[in-house]
Amino acid sequence: MDPATQLRALPDDLALRIAVEDFYARYVEIADDPQRLEVWPDLFTEDGQYRVLPQENWQQGWPLALVRAESRGMLKDRVSAAQGINTYTPRVMRHLVSNIRCSGGSEGEIETKACFAVFETMIDEPSRVFATGLYRDRLVEETDGVLRLREHIVVLDNDLVPNSIVYPL
Amino acid sequence: MDPATQLRALPDDLALRIAVEDFYARYVEIADDPQRLEVWPDLFTEDGQYRVLPQENWQQGWPLALVRAESRGMLKDRVSAAQGINTYTPRVMRHLVSNIRCSGGSEGEIETKACFAVFETMIDEPSRVFATGLYRDRLVEETDGVLRLREHIVVLDNDLVPNSIVYPL
Amino acid sequence: MDPATQLRALPDDLALRIAVEDFYARYVEIADDPQRLEVWPDLFTEDGQYRVLPQENWQQGWPLALVRAESRGMLKDRVSAAQGINTYTPRVMRHLVSNIRCSGGSEGEIETKACFAVFETMIDEPSRVFATGLYRDRLVEETDGVLRLREHIVVLDNDLVPNSIVYPL
């Protein structure tokens, strides 16, 4: 926290921070673009975990998740399935990811926490808050020099997010 | 994306990133301050373009915009006109601009993309989501060393933003 | 604003900016965690001021605040009192703090401004906007090398924020 100390420690930390901020900017850009839904799983590692769960389950350590995928392959399956669903009214989703914190984890991983709000807009209706919560993620830089999610845990403030199965959080 | 590469490339990129983040912090501060509405056009270049259009129009390449101004002068006229309108209930607008991405464009321009949410608060009513969407902007550093918008394209998630003619987005 | 100038001036400013961004990331993390409510006053200096007031009062210079605490001790009392209130329906709060600006103030203080939105989620109800507004703060680095709030002024866009007495803003 001491500015002088931070300054001396700056280069590595700063490069990390920038890479992480850029990652989330890219994440939200892709997550909210229906035309690039197939690209979304590529933001995860091959063994990437994706879990969406209510805050209570997280706090109590309950493993029960609303959504769970255990690999990039499962995420790709999810995307294919979601694209086959035409019963939902078309809508636009918009993520805001803010107040990102990152720290070094084990095995070269980067642990991050961030606040998010996702807004939903349906045709001819006012935009509304779809979901809010915390990301509790682990990122890793792979051999191609690209940061990817090894774990993306979406802790929801709400128990009920009806279409969370269809839209990336 | 490789932290080591980023680090070597850091100085210029970092200065740019900081200048761009500061620009948007200043943008929202002015856009949301009714007392400084006249200053808002000064955030644009003399030939600055301002367009507000629904996402569908943007995606389809349709030129139709809900709001369009072709110069700083037109923006100043808009502001004068808006200040003459007293038929609207007083309200406070609040922008959150997040997940800013920037890259070098042609002719020294900086191309930026950012997510935004604007909230509206009327007296004695709860705050609500006014609009969400993406900025797709071109910034340029002018000879006075100040960054300004050569193009500010506001791609709305919603088709209908009733007072978007009156309030800066 | 000139990138080249900024670059030369970078080290100190950048360390400051990073420390301030980290401060607010930590602030929202603690403010939104009911389990860490007692830690919230520790984000203030011993003589830290906390005020929540509507925008109109701020603009007119009226001293009237919805909430006012004049020291860390008073904040601790507030927290204890809030924890004794069981009449409210349980809910989760979520802050997004964005577009932070900081500048050097007098006596080593850092003056900051930031936009915020706070969302509220009650069980079995959709999340909603709780409050939006501006922070107008003064931070100071104390002898332990930690940044703390000497003044945290929450200027609300709304006059009416019913539970603002209970939840940290």
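Asp22(A) forms a salt bridge with Arg17(B). Their closest N and O atoms are 2.8 Å apart. A salt bridge here is a side-chain nitrogen of Lys or Arg within 4 Å of a carboxyl oxygen of Asp or Glu. Across the interface of chain A and chain B, the rule finds five salt bridges.

This is a predicted model, in which local features need pLDDT of at least 70, side-chain atom pairs count only at pLDDT 80 or more, and totals for chains, interfaces and linings use all residues. Residues are numbered from 1 along each chain as its sequence is written, chains are lettered from A in the order in which they are written, and side-chain values use heavy atoms, without hydrogens and water.

## The side of chain A that touches chain B

Seven residue pairs are in polar contact across the interface of chain A and chain B, both residues being at pLDDT 80 or more. A polar contact is a pair of N or O atoms within 3.5 Å; within protein, one must be able to donate a hydrogen and the other to accept it, and residues adjacent in sequence count only if both atoms are side-chain atoms. Helix 2 of chain A gives the most to this side, with 13 residues. Helices are DSSP runs of H or I with at least four residues, numbered from the N terminus. The residues of this side divide into 17 nonpolar, six polar and ten charged.

The contact (heavy atoms within 4.5 Å) takes 33 residues from chain A and 29 residues from chain B. About 2,700 Å² is buried between the two chains. Carbon and sulfur atoms give 57% of that area. Buried area is the accessible area (1.4 Å probe) that two parts lose on being put together, summed over both. In chain A, Glu29(A), Arg94(A) and Leu96(A) lose the most area to chain B, together 21% of what that side buries.

## Glu29 in chain B

Glu29(B) lies in helix 2 (residues 10-31) of chain B. Glu29(B) counts as buried because its relative accessibility is 15%, and buried means under 20% relative accessible area (1.4 Å probe, protein chains only). A polar contact of 2.5 Å joins its side chain to that of Arg101(C). Leaving out residues up to four places away in sequence, Glu29(B) touches Arg36(B), Arg101(C) and Lys113(C).

## How the chains are related

Chain C can be laid on chain A by a turn of 120° and a shift of 0.0 Å along the axis, with an RMSD of 0.0 Å. That is the relation of a three-fold axis. Superposition is by least squares on the C-alpha atoms of residues with pLDDT of at least 70 in both copies. Of the residues of chain C, Ser98(C) comes closest to the rotation axis, at 3.9 Å (C-alpha).

Key. Helices (H or I, at least four residues) and strands (E, at least two) are DSSP runs, numbered from the N terminus. Ala, Val, Leu, Ile, Met, Phe, Trp, Tyr, Cys and Pro count as nonpolar, Asp, Glu, Lys and Arg as charged, and the others, Gly among them, as polar. Buried means under 20% relative accessible area, exposed over 50%, partly exposed in between (1.4 Å probe, protein chains only).
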